[in-house]
Amino acid sequence: MNDLLRKALTEGGADVVGFADVGDFLKPEIAHLTKAISIGVFRNLNENTVHLLGNLKRKAVLILKKEGFKYLSIPADSDRIKNTFIAKLYPLFPHKMAATSAGIGWIGRNGLLISPEHGPRLSLATVLTDAPLKTGTPITTTLCGDCTLCVEHCPSGAITGNKWSRRKPYVELVRLQNCRDHKKERRRVNGKPNCGLCINICPHGRKEHKRVRVVEDSRVQKKII
Ligand code: SF4
Ligand code: SF4
């Protein structure tokens, strides 16, 4: 099953595919879907990326459906604000939880998933399922080490410098209001709300732009494309 999903997803454009056991983190409504397929693409989260992630999730769902397993496709981050039924499912499960549980990366001081290969530059999608997938080894604490580059360079002082761990998943990493206010001001001044300094400054993943990593069964397989 892992191989089938991995092959279909990488052929469909996924840069990272991981499999996670997320049974400990599920709300009662979805407690039966204990496995997660975490899909990452090395692209900014924009409309095209959301479209690609949607296609990849559909590929995974088709396979699960054909094999007779249950599934729930979690909406992309950018769909959270849309007033649709599916968008209301988003709070049920965060993509970053699936990705860290699959061993794809950790949550950096900037609040983003940091992958060793791609840094904070992966856009994520998740499909939950009851399929008996072999799962990766979770990353449970930050691997930022002594680095504080994003804290030092954040122009709004939004990044607190706190460290993430699975034992403290709700520690405040980013003061979201500071970040929002900064982007609002940028839009007012030059018409462009984007900041992204905390992504650009992160040393992880700067050079390794051409790797595919598949995490499963406690093994990390790397393939240069
Ligand atoms: S996007 Fe800019 S303002 Fe917001 S947290 Fe990152 S560096 Fe700070
Ligand atoms: S810039 Fe440094 S502290 Fe910030 S997320 Fe990247 S590795 Fe972590």
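Guide: Ala, Val, Leu, Ile, Met, Phe, Trp, Tyr, Cys and Pro count as nonpolar, Asp, Glu, Lys and Arg as charged, and the others, Gly among them, as polar. This is a predicted model.

Visitor: What makes up the shell around ligand 1, by class?

Guide: Nine nonpolar, three polar and no charged residues. The surrounding residues include Cys 154, Cys 179, Cys 195 and Cys 198, and Cys counts as nonpolar. Ser 156, His 182 and Gly 196 also belong to the shell, and such residues count as polar.

Visitor: Which helices each supply at least two residues of that shell?

Guide: Helix H6 (176-190) and helix H7 (197-200).

Visitor: Why are H1 and H2 called roughly antiparallel?

Guide: The axes of helix H1 (residues 2-11) and helix H2 (residues 47-66) cross at roughly 150°. The cut-off is over 145, so H1 and H2 count as roughly antiparallel. Their axes come within 9 Å. H1 passes H2 in a right-handed crossing.

Visitor: Which residues make the contact?

Guide: From H1, Leu 4, Leu 5, Ala 8 and Leu 9; from H2, Leu 56, Lys 59, Ala 60 and Ile 63. By class, that is seven nonpolar, no polar and one charged. Lys counts as charged, and Lys 59 is part of the contact.

Visitor: Why does Leu 26 count as partly exposed?

Guide: Leu 26 has 17 C-beta neighbours inside 10 Å. Buried needs 20 or more, and exposed needs 12 or fewer. The value falls in between, so Leu 26 is partly exposed.

Visitor: Where is Leu 26 found?

Guide: In the loop between strand S1 (16-21) and strand S2 (35-41). Leaving aside neighbours within four places in sequence, Leu 26 is in contact with Ala 31, Leu 33 and Thr 34.

Technical notes:
Residues are numbered from 1 along each chain as its sequence is written. Chains are lettered from A and ligands numbered from 1 in the order in which they are written. This is a predicted model: local features need pLDDT of at least 70, side-chain atom pairs count only at pLDDT 80 or more; totals for chains, interfaces and linings use all residues. A residue is near a molecule or strand if its C-beta atom, placed from the backbone, lies within 6 Å of it. Helices (H or I, at least four residues) and strands (E, at least two) are DSSP runs, numbered from the N terminus. Axes are lines fitted to C-alpha atoms, for helices over the stretch in contact, and angles run from 0 to 180 degrees between N-to-C directions. Angles under 35 degrees count as roughly parallel, over 145 as roughly antiparallel, 65 to 115 as roughly perpendicular and the rest as oblique. A crossing is left-handed if the near helix is turned anticlockwise from the far one by less than a right angle, and right-handed if clockwise. Two residues are in contact if their C-beta atoms, placed from the backbone, lie within 7 Å.
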